[in-house]
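These are my notebook entries from a reading of one protein model. I set down what I looked up, entry by entry.

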Amino acid sequence: MPGRPIAIAALLTLLVIAAGGALAGGGPSAGELRALLEAHGVEALPALSPPALPPPDPALYVLGEALFFDPILSGNRDIACATCHHPLLATGDGLSLGLGTGTSGLGSARFHVPGRPFIARHAPELFNRGQRAWRVMFWDGRVMQGADGRFNTPAGEALPGGLSSVLAAQAMFPVTSPAEMRGFPGDADINGAENTLALLDDPALDPDYTAIWAALTDRLLAIPAYVDLFRAAFPAVPPEQIGFQHAAEAIAAYEAAAFAFTDSPFDRFLAGDDAALSDEARRGAWLFYGAAGCARCHAGPLLTDQAFHNVAAPQLGPGQEEEGPLDYGRGRRTHNPAERFAFRTPPLRNVALTAPYLHNGAYTTLEGAVRHMIAPVEGLRSYDPGQLTPELAANVWDDPLTLEAILSTLDPLAGSPAPLTDEDVAALLIFLEALTDPSAADLSALIPPAVPSGLPVGGR
Ligand code: HEC
Ligand code: HEC
C-alpha cells in the first residue's frame, strides 16, 4: 500500500502534538482531525451495498423478519431473537444479563423466575452487523470466518454449507442454546407439551446440532405460511432441500438491512462534511485517536479490531459451566490461560443508545464504561455493584483472588497512556454520542404486527 509510510509518519507527528497537549482546551480543526483519521485508516461505513452485504431481495427480508420475531424457534415457543435484541431497546434487551426461555416480559419488565438461569453474558446490540468487514461474532469469538472464507464454529463438521456471511453462521446458534431459546429437559412448552428440542443432546456432539436444526426446519415447514415464505425467498431450492441454514441466511439478511444505521455525525464527517462534528466532538475524537489510546483496540471503520483484550472488566453473574462462576471469555475457547478474561472489542456506533455496557453489562452508564476504559485497574478495584439490580449485585465476584486472577492477564494496551481530566472525559462522551445515527433512536416501526406461527410477536 504506497500511501502507508506517509500516513504513519503523519500519524506519529499528530500523536506527538496530541500527547504534548498542544490542543488542550480547544479542539483540532476539521483538517487536522481528518488527517489523523486517515492515518488510522478510519473510513465512513459503506451503506448497505457492496462491500457491505448486498441489499437483500424483499422476499428474503420478509422471511428473516418473520423468523427474527417468531417464538416458534424456541423449544418452549416462548422466546424469539427479538426478545433479547428488541427494536424498543436499541437491538439489545436493556439488561446487564438477560433471561432466556422460561421467563416472560421485555427489558426491565423481564423478571427472574426461580430455577431459570441468567444468561452468562450481556446481549449485544446488532447494529451494522451486515458490514462485510465482520469476521468475529460473540464476545468470545466462538463463531468466526477465516480469511479463506471458512467458518470456525462450535458445530465443527456439523455446520451445513450454504452460509454466506459470519452473521448467517451466527444465526445457527441461539436456537441450540438451552438457556437462550432451546430450553432444558423437563420443560413444557407454552401449550403444555413436552419440549422435545431440549432432549436433542448427543454426548459426542454436545448438543446434537444437526438434529436440532432438522427438527426446527420441520417445525417451520409444517406451517403453510412459512412454506410460502421459504419458496418465495429460495425459489431455486426444492422444499425437501430447505434446511435451517436457509432460515439463518434470511435472518442475517433481515438483521443486516433492518439494523444498518451508518448516518451518524461521525460518518458524515468521514464522508467529507466538516461541519458534522462540533468543536467538542472533534476534541473527543482527537483524544480517542490520540492521547486516550482508545483506537488501539476500537480501530478501523467498525471501531473494533475484532480482537480479544482483557480490559479488567468486573466479573459477575453465573459464569460459564466448568469455570463458573467466572467467565474466561476468549480463554475459554482457546484454553490458553494467557487469554483468560479477554473479550472481543465491541464496535461503538450508536453506543450512546445501548446501555448497559461490557460483556456482562457491568456498567449501566456510558460515562461509567468510559471511565473504566481510561483506568481499568482502578475501575475494577473500585467497581460499584450498586448500579446493578440487587439480584445481580449479589453475584459480583470481587474477592481478592478473583481480582488478582483478572489483573494477571490484563492487556498491556489497556488504559489511557496519558492522564485525562474530567473535561477530557466529557469530550470523549460527546464524541461517542456523535457515533449515533439519529434514525436509530426510534426503531419501533420495525416491530411487525404478527408472525406466521400465530404466537405472540417476540418481546410482547
Ligand atoms: C435470551 C436472549 C437471547 C436470544 C433469545 C437471542 N440472543 Fe443473540 N445474543 C444474546 C447474548 C447474551 C449474546 C452474546 C453471547 C456471547 O457472546 O457469548 C448474543 C449475541 C448475538 C449476536 C452476536 C453479535 C456480536 O457482535 O457478537 C448476534 C448476531 C445475535 N445474538 C443474533 C441473534 C439471533 C439471530 C437470535 C435468534 C435466532 C438471537 N440472537 C437470540 C442474547 C440472545
Ligand atoms: C486494550 C484494548 C482497548 C482499549 C485501549 C480501549 N478499549 Fe474500549 N473496550 C475494549 C474491550 C475488549 C471492551 C469489552 C470488554 C469486556 O466486556 O470485557 C471494551 C468496551 C468498551 C465500551 C463498552 C461498549 C459496549 O458496547 O459494551 C466502551 C464505551 C469503550 N470500550 C470505550 C472505550 C474508550 C472511550 C476508550 C479510550 C479511553 C477505550 N474503550 C479503550 C477494548 C479496548
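**Entry 1: Ala-355**

I began with Ala-355, which I located in the loop that runs between strand 5 (343-344) and helix 13 (366-374). I worked throughout from a predicted model.

Is Ala-355 buried, partly exposed or exposed? I found a relative accessible area of 31% for Ala-355. Buried would require under 20% and exposed over 50%, so Ala-355 counts as partly exposed.

I then looked up the contacts of Ala-355, leaving aside its neighbours within four places in sequence. Gly-94 and Thr-364 are in contact with Ala-355. I also checked Ala-355 against Ala-232: the two lie 123 residues apart in sequence, and their C-alpha atoms are 38 Å apart in space.

**Entry 2: the iron atoms**

I turned next to the ligands. Which protein residue supplies a donor to the iron atom of ligand 1? I noted a single donor from the protein, NE2 of His-85, at 2.1 Å. His-85 sits in the loop between helix 4 (81-84) and strand 1 (136-137).

For ligand 2, I noted that the iron atom also has a single protein donor, NE2 of His-298, 2.1 Å away. I placed His-298 in the loop that joins helix 11 (279-288) to strand 4 (308-309).

**Entry 3: helix 11**

Among the buried residues of helix 11 I listed Arg-282, Arg-283, Trp-286 and Phe-288. Ala-281, Gly-284, Ala-285 and Leu-287 are buried in helix 11 as well.

**Entry 4: the whole protein**

I then recorded the overall figures. The secondary structure of the protein consists of 17 helices and five strands. Its radius of gyration is 22 Å, close to the 23 Å given by the globule rule for 460 residues, so the protein is as compact as a globular protein of that length. Along the principal axes, the C-alpha atoms fill a box of roughly 70 × 50 × 40 Å.

I found that 54% of the 460 residues count as buried. Of the contacts with a separation of 6 or more, 70% are between residues 24 or more positions apart. The protein exposes about 18900 Å², and carbon and sulfur atoms supply 59% of this area.

Last, I looked up the charges. The protein has 27 positive and 51 negative charges, and I noted that their mean positions are 2 Å apart.

Methods. Residues are numbered from 1 along each chain as its sequence is written. Chains are lettered from A and ligands numbered from 1 in the order in which they are written. This is a predicted model: local features need pLDDT of at least 70, side-chain atom pairs count only at pLDDT 80 or more; totals for chains, interfaces and linings use all residues. Side-chain values use heavy atoms; hydrogens and water are left out. Donors are N, O and S atoms within 2.8 Å of the metal (3.2 Å for Na, K and Ca); water is not among the atoms, so sites may look incomplete. Helices (H or I, at least four residues) and strands (E, at least two) are DSSP runs, numbered from the N terminus. The radius of gyration is taken over C-alpha atoms; the globule rule is 2.2 Å times the number of residues to the power 0.38. Buried means under 20% relative accessible area, exposed over 50%, partly exposed in between (1.4 Å probe, protein chains only). Contact means heavy atoms within 4.5 Å. Accessible areas come from the Shrake-Rupley method with a 1.4 Å probe; for residues, only the protein chains shown count as cover. Lys and Arg count as positive and Asp and Glu as negative; His and the chain ends are not counted. The place of a charge is taken as NZ of Lys, CZ of Arg, CG of Asp or CD of Glu.
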